[in-house]
Amino acid sequence: MLSFRSALAGRLRQEDLGGCALISAFWLHKSAGRVMLNPLRLFPLSSSRRTVCGLSTTRCGLIQRKMTENAVVSRRGKVLTMDTINPSVKKVEYAVRGPIVQRALQIEKELKEGAKKPFTEVIKANIGDAHAMGQRPITFFRQVLALCSYPALLDDPSFPEDAKSRARRILQFCGGGSIGAYSASQGIDCVRQDVARYIELRDGGVASNPDNIYLSTGASDGIVTILKLLVSGEGETRTGVMIPIPQYPLYSAALAELEAVQIHYFLNEERCWSLDVSELRRSLEAARQHCCPRAICIINPGNPTGQVQSRQCIEDVIRFAAEEGLFLMADEVYQDNVYAEGCQFHSFKKVLFEMGPEYYNTVELVSFHSTSKCYMGECGFRGGYMEVINMDPAVVAQLTKLLSVRLCPPVPGQALMDLVVNPPQPGEPSYTTFLMERNMTLNAMAEKARLTEEILNTVPGIICNPVQGAMYSFPKIAIPKRAVQEAKEKGVAPDMLYCMNLLDETGICLVPGSGFGQQDGTYHFRMTILPPTEKLKILLDKVKDFHQRFTQQYS
(Lines give C-alpha, C1' and ligand atoms only; values in the text may rest on other atoms or scores of the structure.)
Protein backbone atom coordinates (compact mmCIF):
# COMPACT_ATOMS: atom_id res chain seq x y z
CA MET A 1 0.00 0.00 0.00
CA LEU A 2 2.87 2.32 0.87
CA SER A 3 4.51 1.95 -2.50
CA PHE A 4 1.13 2.64 -4.18
CA ARG A 5 0.66 5.83 -2.15
CA SER A 6 4.18 6.96 -2.89
CA ALA A 7 3.78 6.33 -6.59
CA LEU A 8 0.49 8.22 -6.67
CA ALA A 9 1.88 11.11 -4.65
CA GLY A 10 4.90 11.22 -6.90
CA ARG A 11 2.68 11.41 -9.98
CA LEU A 12 0.71 14.22 -8.35
CA ARG A 13 3.96 16.17 -7.78
CA GLN A 14 4.77 15.77 -11.45
CA GLU A 15 1.32 16.71 -12.71
CA ASP A 16 0.47 19.21 -9.98
CA LEU A 17 -3.30 19.10 -9.47
CA GLY A 18 -3.95 17.21 -12.67
CA GLY A 19 -3.98 14.00 -10.68
CA CYS A 20 -6.75 15.12 -8.34
CA ALA A 21 -9.48 13.60 -10.47
CA LEU A 22 -7.59 10.31 -10.35
CA ILE A 23 -7.20 10.51 -6.60
CA SER A 24 -10.83 11.45 -6.11
CA ALA A 25 -11.83 8.24 -7.85
CA PHE A 26 -10.22 6.33 -4.97
CA TRP A 27 -11.35 8.70 -2.24
CA LEU A 28 -15.12 8.53 -2.94
CA HIS A 29 -16.98 6.32 -0.55
CA LYS A 30 -20.58 5.97 0.61
CA SER A 31 -21.59 7.43 3.92
CA ALA A 32 -25.20 7.51 5.13
CA GLY A 33 -26.50 6.88 1.61
CA ARG A 34 -24.62 9.79 0.03
CA VAL A 35 -21.40 9.94 -1.95
CA MET A 36 -18.86 11.79 0.20
CA LEU A 37 -15.19 12.70 0.00
CA ASN A 38 -12.75 11.41 2.58
CA PRO A 39 -9.19 12.62 1.96
CA LEU A 40 -7.93 10.75 5.02
CA ARG A 41 -9.36 7.32 4.16
CA LEU A 42 -6.56 6.36 1.78
CA PHE A 43 -3.78 8.72 2.92
CA PRO A 44 -3.55 9.13 6.73
CA LEU A 45 -1.82 12.19 8.08
CA SER A 46 1.83 11.96 9.09
CA SER A 47 2.74 12.24 12.78
CA SER A 48 3.03 16.01 12.42
CA ARG A 49 -0.57 16.06 11.00
CA ARG A 50 0.67 18.77 8.63
CA THR A 51 1.18 16.66 5.50
CA VAL A 52 -0.41 13.76 3.66
CA CYS A 53 2.23 11.41 2.26
CA GLY A 54 4.66 14.25 2.07
CA LEU A 55 2.25 16.76 0.55
CA SER A 56 1.91 20.15 2.21
CA THR A 57 -1.28 21.14 4.01
CA THR A 58 -1.80 23.89 1.43
CA ARG A 59 -1.59 21.44 -1.46
CA CYS A 60 -3.90 19.05 0.38
CA GLY A 61 -6.42 21.86 0.68
CA LEU A 62 -6.21 22.57 -3.04
CA ILE A 63 -6.65 18.88 -3.79
CA GLN A 64 -9.67 18.62 -1.52
CA ARG A 65 -11.29 21.71 -3.09
CA LYS A 66 -10.68 20.26 -6.55
CA MET A 67 -12.23 16.98 -5.50
CA THR A 68 -15.21 18.79 -4.02
CA GLU A 69 -15.81 20.51 -7.36
CA ASN A 70 -15.59 17.15 -9.12
CA ALA A 71 -18.21 15.68 -6.79
CA VAL A 72 -20.63 18.60 -6.75
CA VAL A 73 -23.01 16.87 -9.20
CA SER A 74 -23.20 13.86 -6.90
CA ARG A 75 -23.99 16.00 -3.87
CA ARG A 76 -26.63 18.26 -5.45
CA GLY A 77 -29.08 15.42 -6.20
CA LYS A 78 -31.11 14.54 -9.28
CA VAL A 79 -31.27 16.79 -12.32
CA LEU A 80 -34.77 15.56 -13.18
CA THR A 81 -37.19 15.95 -10.28
CA MET A 82 -40.88 16.76 -9.85
CA ASP A 83 -39.82 20.40 -9.61
CA THR A 84 -37.86 20.35 -12.88
CA ILE A 85 -39.98 17.96 -14.97
CA ASN A 86 -42.01 19.36 -17.88
CA PRO A 87 -45.11 20.72 -16.06
CA SER A 88 -47.37 19.62 -18.92
CA VAL A 89 -46.48 15.97 -18.22
CA LYS A 90 -47.78 16.30 -14.66
CA LYS A 91 -51.16 17.37 -16.04
CA VAL A 92 -51.51 14.20 -18.11
CA GLU A 93 -53.99 11.66 -16.73
CA TYR A 94 -54.98 8.35 -18.30
CA ALA A 95 -57.70 6.71 -16.23
CA VAL A 96 -57.75 3.44 -18.19
CA ARG A 97 -54.34 2.58 -16.73
CA GLY A 98 -54.55 4.75 -13.62
CA PRO A 99 -54.48 4.07 -9.85
CA ILE A 100 -57.24 1.46 -10.00
CA VAL A 101 -55.19 -0.66 -12.40
CA GLN A 102 -52.04 -0.26 -10.29
CA ARG A 103 -54.00 -1.57 -7.31
CA ALA A 104 -55.27 -4.49 -9.42
CA LEU A 105 -51.69 -5.44 -10.33
CA GLN A 106 -50.71 -5.28 -6.68
CA ILE A 107 -53.59 -7.58 -5.72
CA GLU A 108 -52.61 -10.04 -8.48
CA LYS A 109 -49.10 -10.15 -7.03
CA GLU A 110 -50.48 -10.75 -3.53
CA LEU A 111 -52.63 -13.62 -4.79
CA LYS A 112 -49.61 -15.26 -6.46
CA GLU A 113 -47.72 -14.98 -3.18
CA GLY A 114 -50.50 -16.88 -1.38
CA ALA A 115 -52.48 -14.03 0.17
CA LYS A 116 -56.04 -14.95 1.14
CA LYS A 117 -58.74 -12.87 -0.54
CA PRO A 118 -62.51 -13.28 -0.92
CA PHE A 119 -61.76 -14.11 -4.59
CA THR A 120 -59.18 -16.15 -6.51
CA GLU A 121 -58.48 -13.91 -9.49
CA VAL A 122 -58.64 -10.32 -10.67
CA ILE A 123 -61.04 -9.82 -13.57
CA LYS A 124 -59.76 -6.85 -15.57
CA ALA A 125 -62.77 -5.31 -17.28
CA ASN A 126 -61.08 -1.91 -17.42
CA ILE A 127 -59.63 -1.95 -20.92
CA GLY A 128 -60.61 -3.08 -24.42
CA ASP A 129 -57.87 -5.68 -24.71
CA ALA A 130 -59.76 -8.48 -26.47
CA HIS A 131 -57.09 -11.18 -26.57
CA ALA A 132 -56.20 -10.66 -22.91
CA MET A 133 -59.87 -11.39 -22.19
CA GLY A 134 -59.69 -14.69 -24.06
CA GLN A 135 -60.77 -13.76 -27.59
CA ARG A 136 -59.12 -15.99 -30.19
CA PRO A 137 -57.14 -14.39 -33.04
CA ILE A 138 -58.31 -14.75 -36.63
CA THR A 139 -56.50 -17.76 -38.09
CA PHE A 140 -55.79 -16.23 -41.51
CA PHE A 141 -54.26 -13.10 -39.98
CA ARG A 142 -51.83 -15.08 -37.85
CA GLN A 143 -50.93 -17.43 -40.70
CA VAL A 144 -49.92 -14.54 -42.97
CA LEU A 145 -48.01 -12.81 -40.17
CA ALA A 146 -46.17 -16.05 -39.43
CA LEU A 147 -45.23 -16.37 -43.10
CA CYS A 148 -44.04 -12.75 -43.20
CA SER A 149 -42.00 -13.23 -40.03
CA TYR A 150 -40.41 -16.49 -41.15
CA PRO A 151 -40.51 -16.70 -44.97
CA ALA A 152 -39.09 -20.24 -44.94
CA LEU A 153 -42.64 -21.32 -44.04
CA LEU A 154 -43.74 -20.34 -47.54
CA ASP A 155 -42.58 -23.85 -48.56
CA ASP A 156 -44.72 -25.48 -45.87
CA PRO A 157 -47.73 -27.23 -47.49
CA SER A 158 -49.83 -26.83 -44.32
CA PHE A 159 -50.34 -23.11 -45.04
CA PRO A 160 -53.16 -22.20 -47.49
CA GLU A 161 -52.20 -20.67 -50.81
CA ASP A 162 -54.14 -17.42 -50.27
CA ALA A 163 -52.17 -16.82 -47.06
CA LYS A 164 -48.92 -17.43 -48.94
CA SER A 165 -50.01 -15.10 -51.74
CA ARG A 166 -50.74 -12.27 -49.28
CA ALA A 167 -47.42 -12.80 -47.51
CA ARG A 168 -45.42 -12.77 -50.75
CA ARG A 169 -47.06 -9.52 -51.84
CA ILE A 170 -46.35 -7.80 -48.54
CA LEU A 171 -42.74 -9.00 -48.48
CA GLN A 172 -42.24 -7.86 -52.06
CA PHE A 173 -42.90 -4.28 -50.91
CA CYS A 174 -40.60 -4.54 -47.87
CA GLY A 175 -36.95 -3.57 -47.97
CA GLY A 176 -34.85 -6.68 -48.53
CA GLY A 177 -38.02 -8.75 -48.53
CA SER A 178 -38.16 -8.53 -44.72
CA ILE A 179 -40.68 -7.04 -42.30
CA GLY A 180 -37.67 -6.26 -40.14
CA ALA A 181 -36.73 -3.41 -42.49
CA TYR A 182 -37.93 0.18 -42.16
CA SER A 183 -40.77 1.21 -44.44
CA ALA A 184 -41.51 4.63 -45.90
CA SER A 185 -42.68 7.00 -43.16
CA GLN A 186 -46.16 7.15 -44.70
CA GLY A 187 -46.32 3.35 -44.75
CA ILE A 188 -45.85 0.47 -47.18
CA ASP A 189 -47.19 1.37 -50.64
CA CYS A 190 -49.23 -1.77 -51.24
CA VAL A 191 -50.89 -1.49 -47.83
CA ARG A 192 -51.94 2.11 -48.49
CA GLN A 193 -53.33 1.02 -51.84
CA ASP A 194 -55.36 -1.72 -50.16
CA VAL A 195 -56.62 0.69 -47.50
CA ALA A 196 -57.83 3.06 -50.22
CA ARG A 197 -59.68 0.22 -51.99
CA TYR A 198 -61.25 -0.86 -48.69
CA ILE A 199 -62.54 2.67 -48.02
CA GLU A 200 -64.00 2.91 -51.53
CA LEU A 201 -65.81 -0.41 -51.07
CA ARG A 202 -67.02 0.51 -47.58
CA ASP A 203 -68.31 3.90 -48.71
CA GLY A 204 -70.16 2.72 -51.79
CA GLY A 205 -67.67 3.90 -54.38
CA VAL A 206 -66.54 7.24 -52.93
CA ALA A 207 -63.00 7.62 -54.28
CA SER A 208 -60.02 7.26 -51.95
CA ASN A 209 -56.48 8.28 -52.91
CA PRO A 210 -53.61 6.19 -51.46
CA ASP A 211 -51.60 9.42 -51.21
CA ASN A 212 -54.10 10.55 -48.55
CA ILE A 213 -53.57 7.40 -46.48
CA TYR A 214 -51.05 7.44 -43.61
CA LEU A 215 -50.35 4.24 -41.71
CA SER A 216 -49.89 4.75 -37.99
CA THR A 217 -48.94 3.05 -34.74
CA GLY A 218 -52.53 2.27 -33.83
CA ALA A 219 -55.12 5.02 -34.21
CA SER A 220 -53.68 6.83 -31.17
CA ASP A 221 -50.47 7.74 -32.99
CA GLY A 222 -52.42 9.34 -35.83
CA ILE A 223 -54.69 11.26 -33.48
CA VAL A 224 -51.79 12.71 -31.48
CA THR A 225 -49.94 13.62 -34.70
CA ILE A 226 -52.90 15.61 -36.03
CA LEU A 227 -53.34 17.35 -32.68
CA LYS A 228 -49.68 18.40 -32.83
CA LEU A 229 -50.34 20.08 -36.17
CA LEU A 230 -53.38 21.89 -34.82
CA VAL A 231 -52.03 23.37 -31.60
CA SER A 232 -50.62 26.91 -31.71
CA GLY A 233 -51.08 30.40 -30.27
CA GLU A 234 -50.87 31.84 -26.77
CA GLY A 235 -53.46 33.07 -24.29
CA GLU A 236 -56.78 33.79 -25.97
CA THR A 237 -55.36 32.63 -29.31
CA ARG A 238 -54.34 29.23 -27.93
CA THR A 239 -55.88 26.34 -29.85
CA GLY A 240 -59.02 24.83 -28.37
CA VAL A 241 -60.24 21.36 -29.35
CA MET A 242 -63.82 20.20 -28.81
CA ILE A 243 -64.02 16.74 -27.25
CA PRO A 244 -67.07 14.77 -26.07
CA ILE A 245 -67.85 14.22 -22.41
CA PRO A 246 -67.65 11.37 -21.56
CA GLN A 247 -64.52 10.91 -23.72
CA TYR A 248 -61.70 8.46 -24.25
CA PRO A 249 -58.85 9.80 -22.03
CA LEU A 250 -56.36 9.76 -24.92
CA TYR A 251 -57.81 13.09 -26.02
CA SER A 252 -57.62 14.89 -22.70
CA ALA A 253 -54.16 13.44 -22.02
CA ALA A 254 -52.77 14.48 -25.42
CA LEU A 255 -54.27 17.97 -25.18
CA ALA A 256 -52.87 18.42 -21.68
CA GLU A 257 -49.39 17.42 -22.85
CA LEU A 258 -49.65 19.82 -25.80
CA GLU A 259 -50.97 22.59 -23.51
CA ALA A 260 -54.05 23.01 -25.71
CA VAL A 261 -57.46 24.00 -24.37
CA GLN A 262 -60.02 21.24 -23.90
CA ILE A 263 -63.50 22.34 -24.94
CA HIS A 264 -66.06 19.95 -23.47
CA TYR A 265 -69.39 19.21 -25.09
CA PHE A 266 -71.74 16.85 -23.27
CA LEU A 267 -73.41 13.83 -24.82
CA ASN A 268 -77.07 13.40 -23.87
CA GLU A 269 -77.33 10.43 -21.50
CA GLU A 270 -81.13 10.61 -21.40
CA ARG A 271 -81.20 10.03 -25.18
CA CYS A 272 -78.74 7.13 -25.24
CA TRP A 273 -75.66 9.37 -25.34
CA SER A 274 -76.76 11.14 -28.50
CA LEU A 275 -75.05 14.28 -29.78
CA ASP A 276 -77.04 17.52 -29.95
CA VAL A 277 -75.86 20.41 -32.15
CA SER A 278 -77.34 22.95 -29.73
CA GLU A 279 -74.93 21.61 -27.11
CA LEU A 280 -72.06 21.98 -29.58
CA ARG A 281 -72.97 25.63 -30.13
CA ARG A 282 -73.26 26.32 -26.40
CA SER A 283 -69.84 24.79 -25.80
CA LEU A 284 -68.24 26.62 -28.73
CA GLU A 285 -69.56 30.05 -27.80
CA ALA A 286 -68.39 29.68 -24.22
CA ALA A 287 -64.93 28.58 -25.35
CA ARG A 288 -64.47 31.53 -27.70
CA GLN A 289 -64.25 33.79 -24.65
CA HIS A 290 -60.86 32.35 -23.68
CA CYS A 291 -59.32 30.39 -26.61
CA CYS A 292 -59.39 29.85 -30.36
CA PRO A 293 -61.50 26.74 -31.18
CA ARG A 294 -60.02 25.00 -34.21
CA ALA A 295 -61.15 21.37 -34.19
CA ILE A 296 -63.89 18.99 -33.10
CA CYS A 297 -63.40 15.30 -32.27
CA ILE A 298 -66.14 12.69 -32.67
CA ILE A 299 -65.90 9.07 -31.46
CA ASN A 300 -68.34 6.86 -33.35
CA PRO A 301 -69.23 4.22 -32.23
CA GLY A 302 -68.64 5.74 -28.84
CA ASN A 303 -66.03 5.04 -26.20
CA PRO A 304 -66.84 4.83 -23.29
CA THR A 305 -70.56 5.24 -23.96
CA GLY A 306 -71.24 2.61 -26.63
CA GLN A 307 -73.63 4.72 -28.72
CA VAL A 308 -73.84 4.65 -32.53
CA GLN A 309 -74.56 8.06 -34.00
CA SER A 310 -77.32 8.34 -36.60
CA ARG A 311 -76.68 9.52 -40.13
CA GLN A 312 -78.64 12.70 -39.39
CA CYS A 313 -76.40 13.40 -36.41
CA ILE A 314 -73.28 13.01 -38.56
CA GLU A 315 -74.73 15.38 -41.17
CA ASP A 316 -75.44 17.92 -38.44
CA VAL A 317 -71.88 17.69 -37.15
CA ILE A 318 -70.39 18.15 -40.63
CA ARG A 319 -72.63 21.16 -41.27
CA PHE A 320 -71.66 22.61 -37.88
CA ALA A 321 -67.93 22.15 -38.63
CA ALA A 322 -68.37 23.83 -42.03
CA GLU A 323 -70.28 26.80 -40.61
CA GLU A 324 -67.86 27.34 -37.73
CA GLY A 325 -64.64 26.68 -39.65
CA LEU A 326 -63.57 23.68 -37.56
CA PHE A 327 -61.21 20.87 -38.47
CA LEU A 328 -63.07 17.55 -38.10
CA MET A 329 -61.49 14.45 -36.50
CA ALA A 330 -63.51 11.23 -36.76
CA ASP A 331 -62.41 8.37 -34.51
CA GLU A 332 -63.99 5.32 -36.17
CA VAL A 333 -62.01 2.43 -34.70
CA TYR A 334 -65.16 0.53 -33.65
CA GLN A 335 -66.83 0.67 -37.07
CA ASP A 336 -67.51 -3.10 -37.18
CA ASN A 337 -68.83 -3.17 -33.60
CA VAL A 338 -72.52 -2.34 -34.11
CA TYR A 339 -75.06 -4.53 -32.31
CA ALA A 340 -78.34 -2.75 -31.69
CA GLU A 341 -81.27 -3.27 -34.02
CA GLY A 342 -81.83 -0.24 -36.25
CA CYS A 343 -78.29 1.06 -35.76
CA GLN A 344 -75.78 1.30 -38.58
CA PHE A 345 -72.26 2.64 -38.91
CA HIS A 346 -71.96 5.63 -41.28
CA SER A 347 -68.47 6.88 -42.02
CA PHE A 348 -67.99 10.63 -41.83
CA LYS A 349 -66.28 10.58 -45.19
CA LYS A 350 -69.20 8.88 -46.95
CA VAL A 351 -71.75 11.27 -45.45
CA LEU A 352 -69.50 14.24 -46.27
CA PHE A 353 -69.38 13.33 -49.95
CA GLU A 354 -73.10 12.59 -50.06
CA MET A 355 -73.77 16.13 -48.81
CA GLY A 356 -72.39 17.59 -52.05
CA PRO A 357 -69.44 19.71 -53.25
CA GLU A 358 -70.30 22.59 -50.92
CA TYR A 359 -69.04 20.33 -48.14
CA TYR A 360 -66.71 17.73 -49.66
CA ASN A 361 -64.59 20.42 -51.32
CA THR A 362 -64.10 22.48 -48.16
CA VAL A 363 -64.47 20.56 -44.88
CA GLU A 364 -61.11 19.37 -43.55
CA LEU A 365 -61.55 15.82 -42.27
CA VAL A 366 -59.25 13.17 -40.87
CA SER A 367 -60.69 9.74 -40.04
CA PHE A 368 -58.94 7.01 -38.05
CA HIS A 369 -59.10 3.22 -37.94
CA SER A 370 -57.14 0.51 -36.11
CA THR A 371 -56.36 -3.21 -35.91
CA SER A 372 -56.96 -3.14 -32.15
CA LYS A 373 -60.76 -3.26 -32.00
CA CYS A 374 -63.71 -4.60 -34.06
CA TYR A 375 -63.48 -8.38 -34.49
CA MET A 376 -59.67 -8.35 -34.72
CA GLY A 377 -58.66 -7.24 -31.22
CA GLU A 378 -54.98 -7.23 -32.22
CA CYS A 379 -53.98 -4.45 -29.81
CA GLY A 380 -50.34 -5.46 -29.43
CA PHE A 381 -49.45 -5.17 -33.11
CA ARG A 382 -50.19 -1.42 -33.05
CA GLY A 383 -51.55 -1.17 -36.57
CA GLY A 384 -53.71 1.70 -37.82
CA TYR A 385 -54.31 4.29 -40.50
CA MET A 386 -55.68 7.76 -41.04
CA GLU A 387 -57.14 9.31 -44.18
CA VAL A 388 -56.81 13.07 -44.65
CA ILE A 389 -59.31 15.03 -46.75
CA ASN A 390 -58.91 18.66 -47.93
CA MET A 391 -55.68 19.28 -46.03
CA ASP A 392 -53.61 22.24 -47.30
CA PRO A 393 -50.75 20.86 -49.47
CA ALA A 394 -48.20 22.90 -47.54
CA VAL A 395 -49.50 21.36 -44.30
CA VAL A 396 -49.34 17.89 -45.87
CA ALA A 397 -45.62 18.49 -46.39
CA GLN A 398 -45.29 19.39 -42.70
CA LEU A 399 -47.27 16.29 -41.73
CA THR A 400 -44.91 14.12 -43.79
CA LYS A 401 -41.92 15.78 -42.10
CA LEU A 402 -43.39 15.21 -38.66
CA LEU A 403 -44.04 11.54 -39.42
CA SER A 404 -40.52 11.05 -40.74
CA VAL A 405 -39.12 11.88 -37.30
CA ARG A 406 -40.55 8.62 -35.94
CA LEU A 407 -39.21 6.80 -39.03
CA CYS A 408 -42.17 4.46 -39.64
CA PRO A 409 -44.99 2.59 -37.88
CA PRO A 410 -44.25 -1.03 -36.83
CA VAL A 411 -44.07 -3.01 -40.06
CA PRO A 412 -45.81 -6.12 -38.63
CA GLY A 413 -48.67 -3.81 -37.63
CA GLN A 414 -48.79 -2.45 -41.18
CA ALA A 415 -48.94 -6.01 -42.54
CA LEU A 416 -51.82 -6.79 -40.19
CA MET A 417 -53.64 -3.64 -41.27
CA ASP A 418 -53.34 -4.88 -44.84
CA LEU A 419 -55.07 -8.14 -43.90
CA VAL A 420 -57.90 -6.29 -42.14
CA VAL A 421 -58.67 -4.25 -45.25
CA ASN A 422 -57.91 -7.11 -47.65
CA PRO A 423 -59.23 -10.28 -45.98
CA PRO A 424 -59.95 -13.61 -47.73
CA GLN A 425 -62.45 -13.26 -50.56
CA PRO A 426 -65.20 -15.65 -51.67
CA GLY A 427 -63.67 -18.60 -53.51
CA GLU A 428 -60.32 -18.39 -51.69
CA PRO A 429 -59.27 -21.33 -49.47
CA SER A 430 -59.42 -19.35 -46.20
CA TYR A 431 -62.70 -17.52 -46.82
CA THR A 432 -65.08 -19.93 -45.07
CA THR A 433 -63.00 -20.16 -41.89
CA PHE A 434 -62.39 -16.41 -41.84
CA LEU A 435 -66.09 -15.57 -42.19
CA MET A 436 -67.04 -18.07 -39.50
CA GLU A 437 -64.48 -16.70 -37.02
CA ARG A 438 -65.38 -13.07 -37.77
CA ASN A 439 -69.13 -13.61 -37.38
CA MET A 440 -68.70 -15.75 -34.28
CA THR A 441 -66.68 -13.01 -32.58
CA LEU A 442 -69.09 -10.19 -33.48
CA ASN A 443 -72.18 -12.25 -32.61
CA ALA A 444 -70.71 -13.10 -29.20
CA MET A 445 -70.07 -9.40 -28.56
CA ALA A 446 -73.64 -8.54 -29.52
CA GLU A 447 -74.95 -11.14 -27.07
CA LYS A 448 -72.69 -9.84 -24.30
CA ALA A 449 -73.78 -6.26 -24.99
CA ARG A 450 -77.42 -7.33 -24.56
CA LEU A 451 -76.61 -9.36 -21.44
CA THR A 452 -74.72 -6.47 -19.81
CA GLU A 453 -77.56 -4.01 -20.29
CA GLU A 454 -80.17 -6.54 -19.13
CA ILE A 455 -78.45 -7.60 -15.89
CA LEU A 456 -77.25 -4.15 -14.82
CA ASN A 457 -80.72 -2.70 -15.24
CA THR A 458 -82.08 -5.20 -12.70
CA VAL A 459 -79.99 -3.54 -9.98
CA PRO A 460 -81.69 -0.74 -8.01
CA GLY A 461 -79.46 2.33 -8.30
CA ILE A 462 -77.84 1.36 -11.62
CA ILE A 463 -79.11 2.61 -14.99
CA CYS A 464 -77.45 1.24 -18.13
CA ASN A 465 -78.19 2.59 -21.59
CA PRO A 466 -78.30 0.08 -24.46
CA VAL A 467 -74.81 -0.89 -25.62
CA GLN A 468 -75.42 -0.11 -29.27
CA GLY A 469 -71.82 -0.61 -30.34
CA ALA A 470 -68.11 -0.55 -29.43
CA MET A 471 -66.96 -2.68 -26.47
CA TYR A 472 -68.14 -0.94 -23.31
CA SER A 473 -71.05 -0.06 -21.09
CA PHE A 474 -71.07 3.18 -19.09
CA PRO A 475 -73.86 2.81 -16.51
CA LYS A 476 -74.93 5.54 -14.12
CA ILE A 477 -74.64 4.54 -10.47
CA ALA A 478 -76.32 6.06 -7.43
CA ILE A 479 -73.79 6.70 -4.64
CA PRO A 480 -75.12 7.48 -1.12
CA LYS A 481 -74.29 10.85 0.43
CA ARG A 482 -72.20 9.27 3.18
CA ALA A 483 -69.99 7.62 0.57
CA VAL A 484 -69.67 10.91 -1.30
CA GLN A 485 -68.60 12.60 1.95
CA GLU A 486 -66.06 9.86 2.73
CA ALA A 487 -64.61 10.16 -0.77
CA LYS A 488 -64.29 13.93 -0.29
CA GLU A 489 -62.44 13.40 2.99
CA LYS A 490 -60.06 10.97 1.27
CA GLY A 491 -59.49 13.35 -1.63
CA VAL A 492 -60.83 10.99 -4.30
CA ALA A 493 -63.84 11.03 -6.62
CA PRO A 494 -66.89 9.17 -5.27
CA ASP A 495 -66.89 6.71 -8.17
CA MET A 496 -63.18 6.07 -7.58
CA LEU A 497 -64.02 5.12 -3.99
CA TYR A 498 -66.77 2.86 -5.35
CA CYS A 499 -64.51 1.14 -7.90
CA MET A 500 -61.64 0.73 -5.45
CA ASN A 501 -63.94 -0.92 -2.90
CA LEU A 502 -65.36 -3.12 -5.66
CA LEU A 503 -61.84 -4.23 -6.58
CA ASP A 504 -60.79 -4.95 -3.00
CA GLU A 505 -63.96 -6.93 -2.21
CA THR A 506 -64.56 -8.79 -5.47
CA GLY A 507 -61.40 -8.64 -7.59
CA ILE A 508 -63.25 -6.85 -10.40
CA CYS A 509 -61.34 -3.99 -12.01
CA LEU A 510 -63.52 -1.27 -13.58
CA VAL A 511 -62.70 2.36 -14.41
CA PRO A 512 -64.50 5.18 -12.56
CA GLY A 513 -66.54 7.48 -14.77
CA SER A 514 -64.69 10.52 -13.41
CA GLY A 515 -61.71 9.40 -15.52
CA PHE A 516 -63.74 10.00 -18.69
CA GLY A 517 -65.66 13.10 -17.64
CA GLN A 518 -69.32 13.29 -16.65
CA GLN A 519 -72.01 15.79 -15.69
CA ASP A 520 -71.53 17.22 -12.18
CA GLY A 521 -73.40 15.22 -9.59
CA THR A 522 -73.52 12.04 -11.67
CA TYR A 523 -71.37 8.96 -11.21
CA HIS A 524 -70.54 6.11 -13.57
CA PHE A 525 -68.14 3.32 -14.26
CA ARG A 526 -66.88 1.92 -17.55
CA MET A 527 -66.66 -1.80 -18.04
CA THR A 528 -65.74 -3.76 -21.12
CA ILE A 529 -68.07 -6.47 -22.45
CA LEU A 530 -65.10 -8.56 -23.63
CA PRO A 531 -64.80 -11.31 -20.98
CA PRO A 532 -66.10 -14.74 -22.07
CA THR A 533 -69.87 -15.01 -21.59
CA GLU A 534 -69.73 -17.23 -18.50
CA LYS A 535 -67.11 -15.06 -16.82
CA LEU A 536 -69.08 -11.94 -17.78
CA LYS A 537 -72.15 -13.35 -16.02
CA ILE A 538 -70.07 -13.93 -12.89
CA LEU A 539 -68.70 -10.39 -13.15
CA LEU A 540 -72.16 -8.84 -13.52
CA ASP A 541 -73.57 -10.87 -10.62
CA LYS A 542 -70.69 -9.74 -8.41
CA VAL A 543 -71.24 -6.10 -9.40
CA LYS A 544 -74.93 -6.52 -8.60
CA ASP A 545 -74.25 -7.96 -5.14
CA PHE A 546 -71.54 -5.41 -4.38
CA HIS A 547 -73.72 -2.44 -5.33
CA GLN A 548 -76.44 -3.59 -2.96
CA ARG A 549 -73.92 -4.06 -0.11
CA PHE A 550 -72.24 -0.72 -0.83
CA THR A 551 -75.58 1.10 -0.86
CA GLN A 552 -76.64 -0.53 2.42
CA GLN A 553 -73.26 0.16 4.06
CA TYR A 554 -73.41 3.90 3.35
CA SER A 555 -77.15 4.49 3.73
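**Figure 1. Aromatic pairs in the predicted model.** A search of the whole structure, which is a predicted model, finds 12 aromatic pairs. One of them joins Y375 and F434 in an edge-to-face arrangement, with 6.0 Å from centre to centre and 75° between the planes. This pair links distant parts of the chain, 59 residues apart: Y375 belongs to the loop between β9 (365–370) and β10 (383–389), and F434 to helix α19 (residues 431–456). Y375 has a relative accessible area of 3% and is therefore buried. F434 is likewise counted as buried, at 5% relative accessibility.

Figure 2. The ring centres of Y498 and F525 lie 6.3 Å apart and their planes meet at 15°, so the pair is stacked. Because Y498 lies in helix α21 (residues 494–506) and F525 in strand β16 (residues 525–528), the pair ties together parts that are 27 residues apart in sequence. Y498 is buried, with 0% relative accessibility. For F525 the relative accessibility is 0%, and this residue too counts as buried. Y498 and F525 belong to one aromatic cluster, which they form with F546, F550 and Y554.

**Figure 3. Charged side chains over aromatic rings.** Two views are described here. In one, the charged end of K349 sits over the ring of F353, at 5.7 Å from the ring centre. In the other, R526 lies over the face of Y472, and the distance to the ring centre is 4.0 Å.

**Figure 4. Helix α19 and its packing partners.** Helix α19 comprises 26 residues. From its first C-alpha to its last, α19 reaches 38 Å, close to the 38 Å expected at 1.5 Å a residue. The buried residues of α19 are F434, E437, T441, L442, M445, K448, A449, L451, T452, I455 and L456. An α-helix has 3.6 residues a turn, so residues three or four places apart point the same way. The buried residues of α19 pack against the helices α8 (139–149) and α22 (533–554). They also pack against the strands β11 (462–463), β12 (472–473) and β16. F434, the partner of Y375 in the edge-to-face pair, is among the buried residues of this helix.

Figure 5. R192 is located in helix α10 (residues 189–202). With 9% relative accessibility, R192 counts as buried. The side chain of R192 reaches the backbone oxygen of P210 at 2.8 Å. Not counting residues up to four places away in sequence, R192 touches Q186, G187, P210, D211, I213 and L215. S208 lies in the loop between α10 and β4 (213–217). At 7% relative accessibility, S208 is buried. A polar contact of 2.8 Å joins the side chain of S208 to the side chain of E387. Leaving aside neighbours within four places in sequence, S208 is in contact with A196, I199, E200, I213, K349 and E387. K349, one of these residues, has its charged end over the ring of F353.

**Figure 6. S158 in the loop between α8 and α9.** S158 is found in the loop between α8 and α9 (161–172). At 55% relative accessibility, S158 counts as exposed. The side chains of S158 and D156 are joined by a polar contact of 2.7 Å.

Figure 7. A disulfide is a covalent bond between the sulfur atoms of two cysteines. The structure holds 0 disulfides. C408 is in no disulfide, and the nearest cysteine sulfur, that of C174, is 9.8 Å away. C408 counts as buried at 14% relative accessibility. C313 is also counted as buried, at 8% relative accessibility.

**Figure 8. Overview of the protein chain.** The secondary structure of the protein chain comes to 22 helices and 16 strands. Of the 555 residues in the protein chain, 50% are buried. Among contacts in the protein chain with a separation of 6 or more, 70% are accounted for by residues 24 or more positions apart.

How values were computed
Residues are numbered from 1 along each chain as its sequence is written. This is a predicted model: local features need pLDDT of at least 70, side-chain atom pairs count only at pLDDT 80 or more; totals for chains, interfaces and linings use all residues. Side-chain values use heavy atoms; hydrogens and water are left out. Rings of Phe, Tyr and Trp (its six-membered ring) pair if their centres lie within 6.5 Å; planes under 30 degrees apart count as stacked, over 60 as edge-to-face and the rest as tilted. Helices (H or I, at least four residues) and strands (E, at least two) are DSSP runs, numbered from the N terminus. Buried means under 20% relative accessible area, exposed over 50%, partly exposed in between (1.4 Å probe, protein chains only). A charge sits over a ring if NZ of Lys or CZ of Arg is within 6 Å of the ring centre and within 35 degrees of the ring normal. The expected span of a helix is 1.5 Å times one less than its number of residues. Contact means heavy atoms within 4.5 Å. A polar contact is a pair of N or O atoms within 3.5 Å; within protein, one must be able to donate a hydrogen and the other to accept it, and residues adjacent in sequence count only if both atoms are side-chain atoms. A disulfide is a pair of cysteine sulfur atoms within 2.5 Å.
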